[in-house]
Amino acid sequence: MVSKIGKSNDFRGDDVDGNPFERTGYFKTWTMAGRAKAIAVPTLVINGIDEFASGDALKPFLDEIPNVRLTTLEGTTHSPHFERKEEYMRIVGSFLTPS
């Protein structure tokens with residue numbers, strides 16, 4: 001069986017123009033829009049205040065998931081689980097603990 005996925009950079013940017021986050025290959029046209037509505041469990045979305053993947057990237061999750069909660073952490077970027085680990089773990093723990 002031959003995979004539809006070829007080289008390793010099919011999923012990430014190719015960094016040709018200095019932007020390793022530019023979507024190329026498979027992810028060039030891939031979107032969560034229309035798919036997130038299939039998520040039927042309570043969902044926690046956490047992002048950093050200085051996150052490059054925000055706004056339009058979060059919109060399908062916030063618009064389509066029926067029971068979604070967004071938490072944005074100040075002073076963080078794409079890795080709040082590293083940048084503010086204790087606060088991140090507190091938020092996740094609170095989300096997972098029944099009220």
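A: The account below begins with the model itself, turns to the charged pairs, and ends with their surroundings.

This is a predicted model, in which local features need a pLDDT of at least 70 and side-chain atom pairs count only at pLDDT 80 or more, whereas totals for chains, interfaces and linings use all residues. Residues are numbered from 1 along each chain as its sequence is written, and side-chain values use heavy atoms, with hydrogens and water left out.

The protein chain has a mean pLDDT of 80, and 77% of its residues reach 70 or more; pLDDT is the predictor's confidence in each residue, from 0 to 100. Over residues 1-9 the pLDDT is below 50, and this stretch has four contacts in the model beyond near neighbours in sequence, a contact being heavy atoms within 4.5 Å. The chain holds three helices and two strands, arranged along the sequence in the pattern β-α-β-α-α. Confidence is lowest in α1, with a mean of 91, and highest in α3, at 96.

Side chains of opposite charge can pair when their charged atoms come close. In one of them, the side chains of D63 and K59 meet with an N to O distance of 2.6 Å. D63 and K59 lie four residues apart in helix α1 (residues 59-64), and so they are separated by about one helical turn. D63 is exposed, at 52% relative accessible area, while K59 is partly exposed, at 45%. Here buried means under 20% relative accessible area, exposed over 50%, and partly exposed in between, with a 1.4 Å probe and protein chains only.

E87 takes part in the pairing with R84, where the side chains meet at 2.3 Å, N to O. E87 counts as partly exposed because its relative accessibility is 22%, and R84 is likewise partly exposed, at 31%. E87 also forms a salt bridge with R90, the closest N and O atoms being 3.9 Å apart. Because E87 and R90 are three residues apart in helix α3 (residues 85-96), about one helical turn separates them. R90 counts as exposed, at 53% relative accessibility. Through shared partners, these salt bridges join R84, E87 and R90 into one network.

Leaving aside its neighbours within four places in sequence, V92 is in contact with L44 and I46.

Strand β1 (residues 43-48) contains N47, which counts as buried because its relative accessibility is 5%. Beyond four places in sequence, the contacts of N47 include A53, L58, L73 and P80. T43 also lies in strand β1 and counts as buried, at 15% relative accessibility; leaving aside its neighbours within four places in sequence, T43 is in contact with I65, N67, V68, R69 and F95.

In the segment before β1 lies T31, which is partly exposed at 36% relative accessibility. The C-alpha atoms of T31 and P60 are separated by 8.7 Å, although these residues are 29 apart along the chain.

For the protein chain as a whole, residues 24 or more positions apart account for 59% of the contacts with a separation of 6 or more. Buried residues make up 22% of the 99 residues. The chain exposes about 7400 Å², of which carbon and sulfur atoms supply 57%; accessible areas come from the Shrake-Rupley method with a 1.4 Å probe, and for residues only the protein chains shown count as cover.

Conventions:
Salt bridge = Lys/Arg side-chain N within 4 Å of Asp/Glu carboxyl O.
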